Amino acid sequence: MIISYSLELKVITERTLRILELAHETGALLHGEFTLSSGKKSDHYFEGKRLTLHPEGAYLIGKEVLDRLEGTGIDAVGGLVMGAFPIITAVAVESFQEGRAIPTFIVREQPKEHGTRRKIEGHLKKGSKVAIVDDVITTGGSVLKAIKAVEEEGCKVEKVIVIVDRNEGGSELLKNEGYNFEAIINLPPSGEASISESKTVKGETRAGILHK
Amino acid sequence: MNLKPLRERLEQGFYINNLYEMSRLCKALALESNSPAPFFIMQKVFSGIADYWDEKPVIVEEAKLVQVELAKSLRELIDAIENSATDEQVMNLTNKVASSYLFLFRE
């Protein structure tokens with residue numbers, strides 16, 4: 001991988017750079033020719049759990065998401081199983097350590113078949129302000145399922161954060177519907193990996209764009 | 001029995017969402033058929049591949065190879081069922097589909 005500096009300057013942090021490096025190191029982000037579930041072809045593949053279940057990955061993602069939530073005034077953060085699970089756990093632990101504990105919740109794909117038949121598990125109060133997270137967004141299906149579930153509980157989605165945006169229409173859809181969307185890593189259709197513009201709350205900053 | 005939707009799906013290629021859809025179609029056909037075995041086998045083949053590929057990086061060449069190896073025998077089986085071939089012919093073609101699948105996904 002070569003780090004080359006582009007005229008299109010974006011402010012990125014050491015942390016987001018490390019997240020992208022780690023995505024390659026853990027095999028979470030692969031380059032090649034892949035057939036996606038939808039049948040579309042892609043020159044990259046992202047397996048989020050390889051990054052979010054990695055010790056350093058979980059730590060970095062937890063901190064990054066937490067920083068991106070600063071100032072939003074959210075009451076809770078959550079998302080759809082399985083992608084969101086390790087992310088919200090990392091955020092919960094980090095938020096507690098930093099003295100700004102944020103409750104978390106998880107949205108089931110299907111309501112529980114027995115007992116409570118709950119669709120949402122964890123700490124979500126009706127009418128609260130929430131953030132939705134996921135490991136990757138393609139067409140937006142998973143994120144929209146989570147959004148719909150919390151909105152049915154009268155909650156307001158203040159922010160949506162994903163680790164990787166595949167730029168296959170999902171993020172555009174969310175933005176068009178008025179959601180405040182952010183991705184840590186953008187994967188343009190060209191296959192060029194770049195760090196998306198990020199806040200510089202903590203850590204040193206670096207201007208540049210990362211190419212594969 | 002209408003095999004057109006299954007035939008059309010087969011021509012769309014082997015990718016996870018389509019494989020699950022073909023599996024669903026085959027299950028429905030098996031339930032309405034007096035000879036469900038070929039549809040049951042096809043259902044298991046489609047869902048087996050989809051499950052194997054689910055949440056894995058599916059390399060384009062690998063997907064093409066699986067499709068090349070299986071699509072022809074699947075088409076022949078569907079043709080045979082549609083043209084009311086003998087039970088023996090249908091069973092032979094069903095075995096061919098099953099053998100190809102088992103060879104490709106033997107590990």
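Trainee: What makes the largest nonpolar core a core, and which residues have the most contacts inside it?
Mentor: The largest nonpolar core has 31 residues. Phe14(B), Met42(B), Phe46(B), Ile49(B), Trp53(B) and Leu70(B) have the most contacts inside it. A nonpolar core is a set of buried Ala, Val, Leu, Ile, Met, Phe, Trp, Tyr and Cys residues joined through side-chain atoms within 4.5 Å. Buried means under 20% relative accessible area, exposed over 50%, partly exposed in between (1.4 Å probe, protein chains only).

Trainee: Which element gives the largest share of this core?
Mentor: Helix 4 of chain B, with eight residues. Helices here are DSSP runs (H or I, at least four residues), numbered from the N terminus.

Trainee: What is the model's origin, and which limits apply?
Mentor: This is a predicted model: local features need pLDDT of at least 70, side-chain atom pairs count only at pLDDT 80 or more, and totals for chains, interfaces and linings use all residues. Residues are numbered from 1 along each chain, chains are lettered from A and ligands numbered from 1 as written, and side-chain values use heavy atoms, without hydrogens and water.

Trainee: Why are helix 3 of chain B and helix 4 of chain B called roughly antiparallel?
Mentor: Their axes, lines fitted to C-alpha atoms over the stretch in contact, come within 12 Å and cross at roughly 165 degrees. Angles run from 0 to 180 degrees between N-to-C directions. Over 145 counts as roughly antiparallel, so these two helices are roughly antiparallel.

Trainee: How do the residues of that contact divide?
Mentor: Into 15 nonpolar, no polar and one charged. Contact means heavy atoms within 4.5 Å. Glu62(B) in helix 4 of chain B is among the residues that meet, and Glu counts as charged.

Notes. Parallel < 35°, antiparallel > 145°, perpendicular 65-115°, else oblique.
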